[in-house]
Structures are given as structure tokens and as C-alpha cells.
Amino acid sequence: MREMTRREMCVGLSAMAAAGGVATAQTVTAAAATVLSQSRVYTLDEMPVRKMANGGESRDVLRGALTTGEVIGVHESAQPAGMVANPPHTIQHTEVMVVVEGTLAFEHDGKSERVGPGGVIFVASGTLHTVRNVGEGTAKYCVVQVGGDTKR
């Protein structure tokens, strides 16, 4: 059996999150968002690197609305070791993060939880949070955003 790539995992998680009802459905018309109605593969060369203010990098995988109405966004992020985390922020959507490489501290609700490769972070809508690389190497993780204020 072959191992799943991290991009395949991200795309699969986005479908699972939407199908599993992780977030409240948000009805969106085709005019308001790209409707994701056809299966496809997203290759690395289609995902331009976006530099973050804190030195990290992010690659947008996909954004749009599912045919069932939920708005989703998927991106992959990388934080080098020793980098300052993004400031804590509140989201008005649901996020599921899968750690691909390294160790992250998920800081939320007055606590800090560590998670390593293969671990999953669930961020409920309205949660003030941040993730910080607490390992020795680069931390890479895939983020699936569903519903709420997810950018179309």
C-alpha cells in the first residue's frame, strides 16, 4: 500500500470536514464563490509561496464553495524553528489542522497543547488561538477552513 502525500491528505481532509459537518453550512451562490464541483489534483507548482510577516511560508491549495454550500479553504504552512508565532487571533470559521512535520504548540483558551506529525488540531469558531513551532526543525501543517468567514 502506498503512503498518502500531504497534499492528498489536505484535499481529503477538506472533503471529510465538509461531509462530516464540522462547521455549520454556509449557503453561497456560484456568483459569490468558485464552486468546487469537479474532482482534481492540485500540484505543488500550482501553489505559489506566500511569505508571512513572521518569516513563515504558506501555500494556498484551494478556496471555494462545495456543491453542498459550505465555503472551504485549504492551505499548507511552514514555520522555521525559533520563529515568532503569529499573534493570537480569533476566527469566525472552523479549522482542522494536520501536522505533517515538526512539533507545534496549540495555544488556546488559556492552555498550550503540543502536537507532532500526524496529530490533528481542531479550532472551533470564535476561539482565540495561535500555533507555535516548539521543535528543532521546520514545522509543516495543513489547514482546512470551513464555513463562517472563510475567504472565498
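Visitor: In which strand is Arg-63 found?
Guide: This is a predicted model. In it, Arg-63 is found in strand S3. The element asked for is strand S3.

Visitor: Is Arg-63 buried, partly exposed or exposed?
Guide: The relative accessibility of Arg-63 is 24%. Buried means under 20% and exposed means over 50%. Because 24% falls in between, Arg-63 counts as partly exposed.

Visitor: Which side chain makes a polar contact of 3.2 Å with the side chain of Arg-63?
Guide: The side chain of Arg-63 has a polar contact of 3.5 Å with that of Asp-60. At 3.2 Å, the partner is the side chain of Gln-145.

Visitor: Which residue in S11 stands opposite Glu-95?
Guide: Strand S6 spans 94-101, and seven bridges join S6 to S11 in an antiparallel arrangement. Opposite Glu-95 stands Gln-145.

Visitor: Which residue of S9 is the bridge partner of Val-96?
Guide: S6 is also joined to strand S9, residues 120-123, by four bridges, and the two run antiparallel. Six of the eight residues of S6 are buried, so this strand is largely enclosed by the rest of the structure. The bridge partner of Val-96 in S9 is Phe-122.

Visitor: How much space lies in the largest pocket?
Guide: The lining of the largest pocket divides into nine nonpolar, 13 polar and seven charged residues. The space in this pocket is about 560 Å³.

Visitor: Which residues that line the largest pocket are the closest to its centre?
Guide: The lining holds 29 residues. The closest to the centre are Met-52, His-75, His-89, Glu-95 and Gln-145.

Visitor: With which side chain does His-93 make a polar contact of 2.4 Å?
Guide: His-93 sits in the loop between S5 and strand S6, and it is buried, with a relative accessible area of 7%. Beyond its neighbours within four places in sequence, His-93 is in contact with residues including Val-123, Gln-145 and Asp-149. Its side chain has a polar contact of 3.0 Å with that of Glu-95. The polar contact of 2.4 Å is with the side chain of Asp-149.

Visitor: What is the C-alpha to C-alpha distance between His-129 and His-108?
Guide: His-129 is found in strand S10 and counts as buried at 2% relative accessibility. Residues up to four places away in sequence aside, His-129 touches, among others, His-89, Glu-95 and His-108. His-129 and His-108 are 21 residues apart in sequence, and their C-alpha atoms are apart in space by 4.5 Å.

Visitor: Which strands stand at the edges of the open sheet of four strands?
Guide: The order in this sheet is S5-S10-S7-S8, with antiparallel pairing. Each edge strand has a single partner strand, so one side of it is left without a neighbour in the sheet. Two bridges join S5 to S10, and Thr-90 stands opposite Leu-128 there. The edge strands are S5 (89-90) and S8 (111-115).

Key:
Residues numbered from 1 in each chain as written. Predicted model: local features only at pLDDT ≥ 70, side-chain atom pairs only at ≥ 80, totals over all residues. Heavy atoms only, no water. Pairing = 2+ DSSP bridges. Buried < 20%, exposed > 50% of the residue type's maximum accessible area, 1.4 Å probe, protein only. Polar contact = N/O pair within 3.5 Å; in protein donor to acceptor, adjacent residues only side chain to side chain. Contact = heavy atoms within 4.5 Å. 1 Å grid on protein atoms, 1.4 Å probe; cavity = no way out; pocket = protein on both sides within 12 Å on 5 of 7 lines; lining within 4 Å. Points joined across faces, edges and corners; volume = space filled by probe spheres on them. Nonpolar A, V, L, I, M, F, W, Y, C, P; charged D, E, K, R; others polar.
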